[in-house]
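Hello,

Here is the structure you asked to see. Please open it alongside this note; the findings follow below.

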Amino acid sequence: MPRPNHLSLIVVLCLVCVLIIGCKASEPTPTATADGSPTDSAGGLDPIATLTFIEGDVTLDLTGGTSGRAPGLAILQSSAPARPFRALQSGASVRLAANSRATVVCFNNRALPLLGPLVVRITGQRCQSGTPLPSKAAGRVRPAAGRIRSAGGSLAVEGEAREKEEDYGSFAIILNPRNTALQELAPVLQWVEVPGAIEYQVKLNNPTASFELVLDSAQLTCVEDGHTTPHRVCSAPWPTSKGALVPGQTYFLTVGARKSFAEAWRLTPQPSQLQPLTAEQADQVQAEETTIKKLGLDDVTVNLLLAGLYTEHKLYGQAIAAYERALVLQPVAVLYVTLGDIYRQTDLHRFALDAYEQALKLLVHSEDDPAVHAAAEFGLGQVYYAYAGNYAEAKSHYAEAVRLYEHLDAAEELKAAQEGLKMATERAP
């Protein structure tokens, strides 16, 4: 009987091991965890939720990524103070001290209002037990690349604005209603005061109807406003004697001012385009408003959900008011960036400038949130390019946005910043 060839046996065993390991390695990467939360192609976890509201002592234990490790293994990082709009992966734990509060909005369109003392591990299963939100509501508060993408076209590199900084105080710049859809058919009128004006002329036109109204400046209410200093903001009720707006039609609003009766009216450089919602659209918005307000969530989250709803329907005036209410309660850089985007959407560039600068003030270091920093820099580039005509300043902000976006997974934003930088460079002295 021949003796066994030990060398051959070793070779055979090695081949078997290689085959087993190779088969194991070729198994498809799971696309979801056991609790239903999504995973990325490297075995890491995609965010499944975000914090929209924090009050008191709230900390996070964050589950690290799994790239480079066996699927399912993760690093549990040390606890860190929670901050609003921090993306939460499956497995992250939210810790609330006594009397602290937080709200987690899960991307399965449910919300988790939390009250301490409490420790909650955020998983797909835990999110499934949350309060149901209206359709698409979670997507309206989910940040991406440093902003909540609620203002359509916010990444388009803009041409020059018709209204400039020097127009404030020279013309009655319309503030409300301004380049927006309308739910209210008799809105309050607001514009920037023209010092020394004795009269204002309000004109509304559309293809089928128009009216003209002259207002004595002495009869108006004008108040100080930080956005328009040193010029005040004047208000007047809608002239009900002229009738309300008609749903579904398009109107153009202008306001003129004059300092003497012999002087011609000085009309605002840019009319405001108004589009009242149709009756069906108005009913839809009102129904969702009612649902959101009945959810029992904190005021910040409620206002964020409302702002997203309004923006989706191009009710920019109402969206601005909702974001501003949220920011009073919880100043957060990403919300200032989003507010700035909506101000630009309505061509209120001076107001947008203030919002982007507030965002940067809240970012102690750019590394704290480079995506938000990049978005604020891009917004400032847009404002300086289109509104101020300061191409050197625009170039500086665009360049900083490009530098930051190059290190982020934000191809669309990077392309827009590069285009802005190119255009500003061509026009800069």
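How many cavities of 30 Å³ or more does the count come to? The count comes to 1 cavity. Please keep in mind that this is a predicted model.

**The cavity**

The largest cavity has a volume of about 40 Å³. Its lining consists of Glu163, Tyr168, Arg178, Asp347, Leu348, His349, Arg350 and Tyr387. By class, that lining divides into 4 charged, 3 nonpolar and 1 polar residues.

**The largest pocket**

Next, the pockets. The largest pocket holds about 990 Å³ of space. It is lined by 32 residues, and the closest to its centre are Arg83, Phe85, Arg86, Ala87 and Asp369. Which elements give two or more residues to this lining? They are strand 1, strand 4, helix 6 (333-345) and helix 8 (370-388). The lining of the largest pocket has 19 nonpolar residues, with 7 polar and 6 charged.

Two of those elements, strand 1 and strand 4, also pair with each other. Strand 1 covers residues 47-55 and strand 4 covers residues 87-89. They run antiparallel and are joined by 3 bridges. Within this pairing, Pro47 stands opposite Gln89 of strand 4.

Strand 1 has another partner, strand 6 (residues 101-106). That pairing is antiparallel as well, over 6 bridges. Here Leu51 has Val104 of strand 6 as its bridge partner. Is strand 1 mostly covered or mostly open? Strand 1 is mostly covered, with 7 of its 9 residues buried.

**The second largest pocket**

The second largest pocket has a volume of about 420 Å³. Its lining counts 22 residues. Nearest its centre lie Leu175, Asn176, Gln190, Ile320 and Glu324. Which one gives the largest share? Helix 5 does, with 6 residues. By class, the lining of the second largest pocket has 10 nonpolar, 8 polar and 4 charged residues.

**Strands around strand 12**

Strand 10 pairs with strand 12 (residues 189-192). The two run antiparallel, joined by 2 bridges. Ile174 stands opposite Trp191 of strand 12. Strand 12 also pairs with strand 16, again in the antiparallel sense, over 4 bridges. In that pairing, Leu189 faces Ala236 of strand 16 as its opposite residue.

**Helix 5**

Helix 5 deserves a look of its own. It has 14 residues and reaches 20 Å from its first C-alpha to its last. That is close to the 20 Å expected at 1.5 Å a residue. Its buried residues are Tyr316, Ala319, Ile320, Ala322, Tyr323, Ala326 and Leu327.

Best wishes

Conventions: Residues are numbered from 1 along each chain as its sequence is written. This is a predicted model: local features need pLDDT of at least 70, side-chain atom pairs count only at pLDDT 80 or more; totals for chains, interfaces and linings use all residues. Side-chain values use heavy atoms; hydrogens and water are left out. Buried means under 20% relative accessible area, exposed over 50%, partly exposed in between (1.4 Å probe, protein chains only). Two strands pair if DSSP finds at least two bridges between them. On a 1 Å grid over the protein atoms alone, a cavity is a set of points where a 1.4 Å probe fits but cannot get out, and a pocket is an open set with protein on both sides within 12 Å along at least five of seven lines; lining residues have an atom within 4 Å of a point. Grid points are joined across faces, edges and corners, and a volume is the space filled by probe spheres set on the points. Ala, Val, Leu, Ile, Met, Phe, Trp, Tyr, Cys and Pro count as nonpolar, Asp, Glu, Lys and Arg as charged, and the others, Gly among them, as polar. The expected span of a helix is 1.5 Å times one less than its number of residues.
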